[in-house]
Amino acid sequence: MSSFIIHGDVFYTPEKDRSVSRADSYLVVADGRIEGCFDSIPDKYSSLSLLECGGKLVIPALYDLHVHASQYQFRGLWMDEELLSWLNNHTFPEEAKYKDTEYAEKAYEIFTRDLYTSATGRACIFATIHRSATLLLCGMLEKLSMPCFVGKVNMDRNSPDMLVEDTDESINETLAYVDEVKRRFTYVKPIITPRFLPSCSDRLSRSLAAIALREELPVQSHLSENLSEIEWVASLSPDSENYADAYRRLGLLGSRKTIMAHCVHSFGREEELLKNSNVYIAHCPDSNTNLSSGIMPVRYFLDNGYKTGLGSDVAGGVSLSIFRAVTDAVRCSKLYYRLVDSSFRALSFNEAFYMATKLGGSFFGRLGSFEEGYEADVVVLDDSSISSAVQDLSVAERVERYAYLESSKPVVHKIVGGKILF
């Protein structure tokens, strides 16, 4: 069913500094797309079925631009280390386990179940270097009708033996993976995934860029997350002006739509290069604080027209919740304003919600808003169990409160691409 009406209290953000709140309204979906939001059901839609959600919050689904499915099993652990030691001591040994497809199946079943029941409509996902395990993940998401980009990770240098691929093997496995995903799946799409520049040789990086161009695929990787990482890249790519320029020289920046996670320390020429390339920035505030990476100047990027969405970055981040990313983005921007540069005013809740919905959703298509013609990705939330003596909150205030308190509050309904998942 892709044509129906949802009755409830509607909230969405068509612009970063403007929201729309409509209590007791009817959101009309026809052929999987938004027709509009009305005070009563227009006659021409009277034959459509009604999903009655009176008193509940009806909002666009949220979008996760950066998450590591293979790290979900150790979320909330080992947060006393910075990025590089955390990767070597914990992340890489965990990801090596995915060579065993039985382990991968058990782990990915937990990840996909929790992603499915969350408010996340679509996600850009890192798996591991293992093609068979990554295809298992794709199959599970496909069965759940979750339209996600999933990447087989590439690593052929500066990594532990258990995760180092031969360069030719990495290229051939990526080609085989892309072909199989395109043949087998409808909802799940491949995305080219060099882990980050230190783990990929120049030849592998150029080959991955060529595959992305030839197969018309997006790219995802990491950029300027941590100071030690940036110093390492500078030693590996001495002829490059900066980290982003090293990606550009290898063809991984600008030729295809690209997500770069973090960009905590992207300043000067690097930020100019990002703006002139087809880059989405995945801001991951929880991970940036947990791994002592820094405070991203998100205000600068948002106000200057950079495509800046949000990522959970599990397991650097501890939760799949993009509501958590929304509220963490607001908190971290307040710290940047107070402790780093008072000319960068803190994000408002509306701006962070816009990043999580319409701005992040634009990576996947015309998504993340209830404007006419937008594809219908919707979640319905029940905030009635939040104990409070205050009874006269506006719809916008209830959404903000839910975002800060939602950890134990289930999603009631989830609709993706006009299809009611539950």
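The following paragraphs start with the sheet as a whole and then turn to one of its strands.

This is a predicted model. It contains an open sheet of four strands, in the order β11-β12-β13-β14, with parallel pairing. β11 (219–223) and β14 are the edge strands, each pairing on one side only. On average, neighbouring strands of this sheet are turned by 30 degrees against each other, direction ignored.

In general, strands of a sheet pair through backbone hydrogen bonds, either parallel or antiparallel. Here, β11 and β12 run parallel and are joined by five bridges; histidine 222 has alanine 261 in β12 as its bridge partner. Strand β12 (residues 258–262) is in turn joined to β13 by four bridges, again in parallel. Between β12 and β13 the chain passes through helix α8 (residues 269–275), and this β-α-β crossover is right-handed.

Tyrosine 280 of β13 is the bridge partner of isoleucine 259. Tyrosine 280 also stands opposite lysine 307 in β14. Four bridges link β13 with the parallel strand β14 (residues 307–310).

What about the burial of β13? Side chains in a regular strand alternate between the two faces of the sheet. In β13, Val279, Ile281 and His283 lie on one side and Tyr280 and Ala282 on the other, and all are buried, so both faces are covered. Because five of the five residues of β13 (residues 279–283) are buried, the strand is largely enclosed by the rest of the structure. Helix α12 (residues 349–361) lies across β13 and β14, and runs at about 105 degrees to β14.

Technical notes:
Residues are numbered from 1 along each chain as its sequence is written. This is a predicted model: local features need pLDDT of at least 70, side-chain atom pairs count only at pLDDT 80 or more; totals for chains, interfaces and linings use all residues. Side-chain values use heavy atoms; hydrogens and water are left out. Buried means under 20% relative accessible area, exposed over 50%, partly exposed in between (1.4 Å probe, protein chains only). Helices (H or I, at least four residues) and strands (E, at least two) are DSSP runs, numbered from the N terminus. Two strands pair if DSSP finds at least two bridges between them. A crossover is right-handed if, with the strands pointing away from the viewer, the path from the first strand over the helix to the second runs clockwise. Axes are lines fitted to C-alpha atoms, for helices over the stretch in contact, and angles run from 0 to 180 degrees between N-to-C directions. Contact means heavy atoms within 4.5 Å.
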